[in-house]
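Welcome! Let's walk through this structure together, one question at a time.

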Amino acid sequence: MSNTASLLLTLPELILSVGSLALLMVAAFVGDSATRAVTWASAALLGVAALAALFPANGGGLAFDGLYHADAFSAFAKLLIYIAAAVSVVVAPRFFERAAPLRAEYPILILLSSIGMGMMVSAGDMLTLYVGLELQSLAAYVLASFMRRDSRSAEAGLKYFVLGALASGILLYGISLVYGFTGTTLFSGVARAFGDGLSTGELFGLVFVMAGLAFKISAVPFHMWTPDVYEGAPTPVTAFFASAPKVAAMALLVRVAVEAMGPASSAWQQIVIFSALASTILGGVAAIGQTNIKRLLAYSSINNVGFALFGLVAGTAEGVAAVMTYMAVYVAMTLGSFLCVLQMRNAAGEPIETIESLSGLSRTRPALAAAFAMFMFSLAGIPPLFGFWPKFLVFDAVVGVGLWPLAMVGIATSVIGAFYYLKIVKTMYFDEPAPAYAPVTSYTEGTLIAVSALFVSPLGYLAIPALGAASLAAARSLF
């Protein structure tokens with residue numbers, strides 16, 4: 001394939017790259033007065049990039065001799081990533097108008113991070129994987145500490161940077177071992193080498209690569225950064241971290257496991273089983289005593305990542321499709337939850353993050369309480385809300401390959417997680433009212449909350465045919 005044809009396949013990343021550089025020049029010459037224009041231009045660029053991902057040149061294929069894959073799997077993941085990134089961009093101005101002036105660099109950093117995430121989900125080579133992951137991470141470190149005068153934000157950025165650097169080192173060491181013992185970094189070449197039998201060196205490389213990727217999805221035992229970073233980062237940034245990078249890292253893990261390490265599935269399956277069980281258990285138990293809503297949602301994300309990994313354990317196209325369906329519904333539930341958190345402001349307009357402040361919300365803000373309750377019930381996987389469906393799919397995929405004891409343990413841990421979600425609902429509906437929140441001034445946030453709530457409501461089941469077909473087509477493109 002010619003370089004021109006290859007470049008056309010990378011059109012989503014080209015659009016975001018050129019657009020982000022152009023907006024960076026606008027921010028540099030015009031200053032922060034251009035912030036609103038840069039924000040909406042960034043959201044528009046993400047929309048155009050999503051269209052380019054959904055309709056790739058020449059129907060998609062391999063670019064640059066297999067370094068980059070433009071297929072149904074990457075298109076599905078990019079659509080979720082760009083939607084989550086766009087939401088994180090458009091809800092930021094209202095949050096920062098009270099906390100600190102929103103700099104024009106914020107949406108540009110989101111765009112740069114999105115470029116990295118696009119490269120991650122389209123990677124066909126270990127080095128493409130690493131470059132994309134680092135581009136995403138470098139922008140994320142800055143975003144976590146975006147409120148420089150806030151000690152919590154600065155601490156979150158520093159913790160994320162130090163632990164992220166450690167994880168990157170582990171991943172790079174694993175890649176070097178895989179290359180040293182297989183002689184290639186291409187996923188297809190690694191798969192051929194693993195198919196000839198797994199040597200001790202290759203096994204160590206596999207373990208280190210899986211460990212580095214587990215950090216990016218905040219799966220146990222590499223979850224330790226998540227609660228502190230989620231609590232300390234500005235809430236729009238936390239919403240971004242909990243959605244877009246989570247989808248990118250999960251999609252990357254799935255692609256590496258299936259395309260590069262598929263012949264060694266018996267080796268990585270054990271790692272994924274442990275990480276899935278540990279994440280669901282710790283994510284359920286550790287959240288029970290939390291008093292900060294953002295920390296609780298951090299443990300919720302760990303818990304949900306564990307459930308998504310159940311689909312990967314199956315190692316089948318149906319299992320991978322279940323993972324992608326899970327991530328699609330998870331993005332809606334998580335963004336909706338954090339949009340509700342953005343509404344938590346006292347009479348002076350200052351953000352509040354305590355769970356106690358939600359007391360009696362059903363009497364002071366009934367619509368907000370109803371939406372928040374729907375997101376909590378959906379995260380818990382309680383029918384008839386749509387959050388039940390992806391949990392059913394991942395458990396069905398596990399049972400389909402004969403691992404029914406694993407499914408039984410997973411169902412038991414989901415009951416543990418339901419406790420703290422129901423605790424939030426009980427606080428909103430049965431406790432004595434706390435001081436009322438400030439009235440809503442943003443129609444954008446209200447509209448996005450309503451759309452997310454409708455998607456996770458029983459009406460979401462109407463999307464099953466389209467969502468199921470898209471996720472299965474994405475999964476089959478890997479096999």
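Q: Is Arg-255 buried, partly exposed or exposed?
A: This is a predicted model, where local features need pLDDT of at least 70, side-chain atom pairs count only at pLDDT 80 or more, and totals for chains, interfaces and linings use all residues. Residues are numbered from 1 along each chain as its sequence is written, and side-chain values use heavy atoms, with hydrogens and water left out. Buried means under 20% relative accessible area, exposed over 50%, and partly exposed in between (1.4 Å probe, protein chains only). Because its relative accessibility is 0%, Arg-255 counts as buried.

Q: Which residue meets Arg-255 in a salt bridge?
A: A salt bridge is a side-chain nitrogen of Lys or Arg within 4 Å of a carboxyl oxygen of Asp or Glu. The N to O distance is 3.2 Å, and the partner of Arg-255 is Glu-259.

Q: How many residues apart in sequence are the parts that Asp-228 and Lys-159 tie together?
A: The side chains of Asp-228 and Lys-159 meet in a salt bridge at 3.0 Å, N to O. Asp-228 lies in helix α11 and Lys-159 in helix α8, so the parts tied together are separated in sequence by 69 residues.

Q: Which residues are in contact with Thr-226, leaving aside its neighbours within four places in sequence?
A: Thr-226 is found in helix α11 (residues 226-232). Thr-226 counts as buried because its relative accessibility is 0%. Contact means heavy atoms within 4.5 Å, and the residues that Thr-226 touches in this way are Ser-218, Ala-298, Ser-301 and Ile-302.

Q: Which helix has the highest mean pLDDT among the elements of the protein?
A: pLDDT is the predictor's confidence in each residue, from 0 to 100. The protein has a mean pLDDT of 89, with 99% of its residues at 70 or more. Helix α5 (residues 92-99) has the lowest mean among the elements, 77, while the highest, 94, belongs to helix α4 (residues 72-90).

Conventions: Helices (H or I, at least four residues) and strands (E, at least two) are DSSP runs, numbered from the N terminus.
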